[in-house]
Amino acid sequence: MKIIAFGASTSSTSINKTLAAYTANLVPDADVEVLDLQDFTSPLFSEDMEKEIGTSEAAQRWLAKMGRADAIVVSFAEHNGTYTAAYKNLFDWATRIERNVFQNKPVVYLATSPGPGGAQNVLNTAVNSAPYFAADLKASLSIPSFYDVFDVDSNQFKEAELAQKLVQVASSLTQS
Ligand SMILES: Cc1cc2nc3c(=O)[nH]c(=O)nc-3n(C[C@H](O)[C@H](O)[C@H](O)COP(=O)(O)O)c2cc1C
């Protein structure tokens, strides 16, 4: 199973990228490709910019990557209660090429933040809009207080219970 995983963030130290990669790698026999959204930056979307440049080649590449995958793991970073500007920008460009951004693939939506909110707001937004963008949403989970529960050095959850929850989330991608 070919899995594309990414954090919806362009931070070089993205905890959401870490979480997405961790979770995708829990899928047995998965061939995981972790995307860095820094490799998909586009000009700031506007209809004027669209008239000027036509489309975003980065959004085209991003859509093509997902199109070749069997499943997708996204972990959403939350900025002021919603998507990071970088992700929203890439997403907006992508929807102008193909509204079905997730192309009916099995998808897991995660979200985490260092604080107790766990980026639950942006996760709710993503979950509620999943059907409009052809995400076959299999599971979603917010992880609050990331640095308290995850040991970044060993790339492991500190509590067995949370680790087990992530195993279940990952296995949802293999269930029809
Ligand atoms: C501009 C800005 C706004 C933020 N707003 C929120 C927020 O609304 N909720 C939240 O849980 N964390 C918020 N944070 C903290 C982020 O969760 C934290 O920076 C996290 O590391 C972002 O995820 P990432 O590491 O994957 O980029 C904000 C951070 C920044 C820089």
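Visitor: What pattern does the chain follow along the sequence, and how do you know what counts as a helix or a strand?
Guide: Read in sequence order, the pattern is β-α-β-α-α-β-α-β-α-β-α-β-β-α, where helices are DSSP runs of H or I with at least four residues and strands are runs of E with at least two, numbered from the N terminus. The model is a predicted one, in which local features need pLDDT of at least 70 and side-chain atom pairs count only at pLDDT 80 or more, while totals for chains, interfaces and linings use all residues. Residues are numbered from 1 along each chain as its sequence is written.

Visitor: What makes β3 and β4 a pair?
Guide: Two strands pair if DSSP finds at least two bridges between them; β3 (residues 71-76) and β4 (residues 106-112) have five bridges in the parallel sense, and therefore they count as paired. F76 has A111 in β4 as its bridge partner.

Visitor: Which order do the strands of the open sheet take?
Guide: The five strands run β2-β1-β3-β4-β5 with parallel pairing, and β2 (31-35) and β5 (136-143) are the edge strands, each pairing on one side only.

Visitor: Why does the radius of gyration agree with a compact globule?
Guide: The rule, 2.2 Å times the number of residues to the power 0.38, with the radius taken over C-alpha atoms, gives a value near 16 Å for 176 residues, and the chain has 16 Å, so the two agree.

Visitor: How many residues count as buried, in percent?
Guide: A residue is buried if 20 or more other C-beta atoms, placed from the backbone, lie within 10 Å of its own, and 40% of the 176 residues count as such.

Notes
A residue is buried if 20 or more other C-beta atoms lie within 10 Å of its own, exposed if 12 or fewer, and partly exposed in between; C-beta atoms are placed from the backbone.
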